[in-house]
Amino acid sequence: MFSPRNIRYFRSNGSAAWKFAATAALVVVIALPIAGLSALKSNDERSHPAYYVKKQTARETFTATMQEITSNRPKLGPWYYIGPFNNDDFKGENREYGPEKGVDLDAEYADTDGKTVKWRKANSFVDGQGCDLRALMDYDFKVAYVGREIEAKYAEDYRVSASADDAVAIWCNGERMGDPGNAILRLKPGKNQLVLKVSQATAGWNFTFRSPDIEENANKIVLYRKGNTVLSEISKEFPASEFHDVSIYASNLMEYDVIATQIVVKANINCFASTALNPQALIAESDKDPADVALRRTRALLNDLKRMAPNKDWSSLQSQLAKLEGKNGTVDVTDNAARLNLYMEACKVRRKIAFSNPLLNFDKLLFAKHSMCTPEKNAGHMCYQFYGYNATSGGGIFVMENPFGANPALKDVLENAVVESGRLKGTKLTQQGSYLSPSLSYDGKTIFFAYTERSGGANWSPGMSWHIFRVNVDGTKLMQLTDGSWNEFDPYQMPNGRVVFISERRGGFGRCHTAPCPVFTLYTIQPDGSDLACISYHETNEWQPAINNDGMLIYTRWDYVDRGFNQAHHPWISTPDGRDARVIQGNYPEKLQNRPWMEMHLRPIPGSQKYLAVAAGHHTQAYGSLILIDPRIPDDDAMAQVRRVTPEIPFPEGEACSWAGQLTYGATWPLSEKYYISCYDPANDLHGLWLVDCFGNRELIYRDPSAGCLAPTPLRPRKAPPIVPDMVKPDDPKIDTGTVALMNVYDSFKKWPKGTKITALRIIEVLPKTTFFGDSPRIGHAYQKNARMVLGTVPVEKDGSAYFTLPAKKPVFFQALDANGLAVQSMRSDTYAHPGERLVCQGCHNQVKKSPRQAKATPIALRRAPSYIKRDVEGSYPFNYPRLVQGVLNRNCVDCHSKNPNSPDLTGADGGQFGWSKSYFSLKDFAYFIEPFAETTSRTIPGEFGAKASRLYKMLSEGHHDVKLSKQDMHRITLWLDCNSDFYGSYENTEAQRKGEVVWPTLY
């Protein structure tokens, strides 16, 4: 059997399949931006960007440089277009045509029909709006190019985004950019060539282009896109105290433009009013400008703090705010300079009020410096940022002292630390590497974090993978806890002392990727790195575990069993030893729009049963909009349990047309249900640390102009939740089964068809994917589906109860079968048993918050010993269409169909593509399978699934000419239909499978 140990062999020895070119390490120069550090001295020989204007003070330099930049923004020329070019085979997107080299208005090219085409001006194209190419060229299955000149005074990294009906790619000066939704154009001084390639199949042929300069507020443009460089230059030349002042001023100026834009588009924000946590975070009808908003939200903040601390003397702050509120009524709203000054005064008072919060009763803040993956590395998927070879170099583990005072100071925890154990013993962790997911022990003495060296060998070599480390808060006892050619990250110490984290060790790969994408799930170890144990056997990815206030383990899980690929990445809960994994909310959304696609960075709120989380996208990084989740509210498969803390940021992908521009908030520490220490950056780039509240206020704590910040945590002891006792030993070699008790299969979320009688459960194992690429091999008609094995069936008693043994450590799902052996209902998630675990389920997709039906007596199944799984027919274990179905066709169908040339070919002859047989291709339109790209519902509707929903079963059961299948043959057909009508049952040796040979999966 192919085990995870074998997978490790391939990785550590740098198999050619793993030798993908990694993007070169980006060396980040960390600035010294906070009081308490010695700023670098001025140097007349220092080289500055051409736009940098040096003055006597940091504030004057900042103001002068900003004025220089805003006065010289890049000039975007008119759009031109050329085409069409061929896309009949859907390969035009990747086929190189002449216009990719630039916009040469005198150049002529031959299109795919041999006709000459030239660049033509597109007067109808408007930035920020849909541009219709079909109105200019009415074709199907074509590609076209659109282009323009961009004239820049200075060299600049210029962020743009483009989207299209089908596909779009971007070139700048002949260089193809990365993710078009978040492309960075490397502009040079003078004229630059921008080219977009817009591919189309049928119907619409539109594209949309956005740049920072279509926004109205110049300060926002500069501070978002170039301000990091401006502030970084200032930090190198002026005292830290001056730079700290400029950072606060710059953040307020940036927020001024953020709010000004929100007022312009307030309808887009206020449409979320019904799900906003607090209406103050919306834009009020009375808000004329940012000063109105700042004063209104500051008043809400002060009133709330007064309720929290009624004995505190708030009179001075109350008087200062009231004075500004009075002034607000006298300053003319058309006097922009005066209104900006009023806003800045309001910000000063707000900062005093915000930092008077009694919840800020700690004087040290732990966090990591961690910059997001570049678009080229992230490549548009949540998984990719957690592979060490994709990490951005630089960063570290830091503690900020006096974070809410006038003179905060920054300490590099690892500055003098030397690794004392493991492969890196005797070395320091360097800036070539990268740092991720710090967490603090409950006693406040130990920091756990992940680090990758970003050096040495293939992408999954030990030097290119994330590993778990621990260090004392004073920088002593730096220990390496894990190692190997797999990524391990997101450590979190549990109340019993063990550390839970995420690891690739279990083996398997994702099913929808164009590059190797190993699956990572939950593991635990002792705090010294010993006694490693797998506690989750889920078949897809899991992320960011934590412990809630009841001592239970919470984390994010991706569910992908016979459903759409991006329907479910939501909170799950289990005991700390991994038992009884259950969904908290959101696993079965009715619609993908208007709800979070992913809920990441789950953190329990002190003194509450609620969680704070980041609403992110499936094809993004772990950033987005902040939400509050209340699991006590019944889940309506929509937004009942979710409230928006930051309604100004739409949910990436679900609501944002271009999700690349919505990665605004990152990992956040909740102080209460209303107040949070958050990672925030409206540029979605280098996130700083901010004090955020539910009223819409944001106050800068710290921002490094050269590196992002992540995972802020108050550095202090905190009360540990209760210890939930361990009941199983995940790696106990003496026990290889658990038991499952089903109380009543009829206790269901969805109604059963009238007269339904369930007699058995079919148990299907979901097999980990052992090949690298999506649809390689193509398991069946549906794209990106998992291979499976039918373990067999167990009986269901007349009262709907079942009790049976289950092989441990295997992800499985259940199908409820009627008296004819047809599936009436099927799970779209997996479950698993640990060795010796006793799982109990109330019903079939029963509502979590619904009280179970009260049984009048002990369920019948529980009055006996557990049933053993009864194997099903040959060809189901392992699964194989030629062995399971082709014999039925040979016995009953082939002769007649062979005599009629117009009949579908039902022979087992090689059908060509994917290695499937001709009969398998012929039965496609008569079979039943769930297509992940087209699937709209995430729940199975009883009676409308599998064989019962197929044309083939209807045809055979109602009579097809004189064909009468035996009961055994009909069972083979219906079992196949219930199992997604797949062809292969393993990811390896497909040629042998096509021939009907027994091929066992190599990882199961």
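Is helix α7 mostly covered or mostly uncovered? Helix α7 is mostly covered, with 15 of its 19 residues buried (buried is under 20% relative accessible area, exposed is over 50%, and partly exposed lies in between, using a 1.4 Å probe and protein chains only).

## Ground rules

What you have here is a predicted model, in which local features need pLDDT of at least 70 and side-chain atom pairs count only at pLDDT 80 or more, while totals for chains, interfaces and linings use all residues. Residues are numbered from 1 along each chain as its sequence is written, and side-chain values use heavy atoms, with hydrogens and water left out.

Helix α7 covers residues 290-308 and reaches 27 Å from its first C-alpha to its last, close to the 27 Å expected at 1.5 Å a residue. The expected span is 1.5 Å times one less than the number of residues in the helix.

Helix α9, residues 336-354, also has its span on record here: its 19 residues reach 26 Å from first C-alpha to last, close to the expected 27 Å. Its buried residues include Leu 342, Tyr 343, Met 344, Cys 347 and Ile 353, and arginines are found there too, among them Arg 339, Arg 350 and Arg 351. The cover over the buried residues of α9 includes α5, α7, α8 (315-328) and the strands β35 (688-693) and β36 (698-702).

## Nonpolar cores

The largest nonpolar core holds 79 residues, and Phe 62, Ile 234, Ile 677 and Ile 701 touch the most other members. Such a core is a set of buried Ala, Val, Leu, Ile, Met, Phe, Trp, Tyr and Cys residues joined through side-chain atoms within 4.5 Å. Helix α5 (residues 240-264) supplies the largest share of this core, nine residues. Apart from this core lies another, of 66 residues, including Phe 386, Leu 436, Ala 615 and Tyr 832.

Ile 701 is worth a look in the viewer. Leaving aside neighbours within four places in sequence, Ile 701 is in contact (heavy atoms within 4.5 Å) with residues including His 244, Leu 365, Met 400, Phe 404, Ile 677 and Trp 690.

Ser 232 is buried, with a relative accessible area of 8%, and beyond its neighbours within four places in sequence it is in contact with Pro 705 and Ser 706.

## Cysteines

How many disulfides does the count come to? The count is zero, where a disulfide is a pair of cysteine sulfur atoms within 2.5 Å. For Cys 383, the closest cysteine sulfur is in Cys 517 at 4.1 Å, too far for a bond. For Cys 347, the closest is in Cys 694 at 18 Å, again too far. Cys 383 is buried at 0% relative accessibility, and Cys 347 is buried at 1%.

## Aromatic rings

The model has 47 aromatic pairs. Rings of Phe, Tyr and Trp (its six-membered ring) pair if their centres lie within 6.5 Å; planes under 30 degrees apart are stacked, over 60 edge-to-face, and the rest tilted. One of the pairs is Trp 916 with Tyr 920, edge-to-face at 4.9 Å centre to centre and 70 degrees between the planes; both residues are buried. Ring pairs also link a cluster that includes Tyr 384, Phe 386, Trp 460, Phe 520 and Trp 543.

Arg 644 lies over the face of Phe 272, 3.8 Å from the ring centre, and the charged end of Arg 871 sits over Tyr 877, 3.8 Å from its ring centre.

## Backbone details

Pro 878 is in the loop between β44 (838-841) and α11 (881-892). Another cis peptide bond joins Ser 776 and Pro 777, with omega about 5 degrees, and Pro 777 is found in the loop between β39 (758-766) and β40 (788-795).

Asn 173 has a phi of about 55 degrees, lies in the loop between β9 (167-172) and β10 (175-176), and is partly exposed at 31% relative accessibility. Ser 437 has a phi near 50 degrees, lies in strand β17 (residues 434-440), and is buried with a relative accessible area of 11%.

How values were computed. Helix = DSSP H or I, 4+ residues; strand = E, 2+ residues; numbered from the N terminus. Lys NZ or Arg CZ within 6 Å of the ring centre and 35° of its normal.
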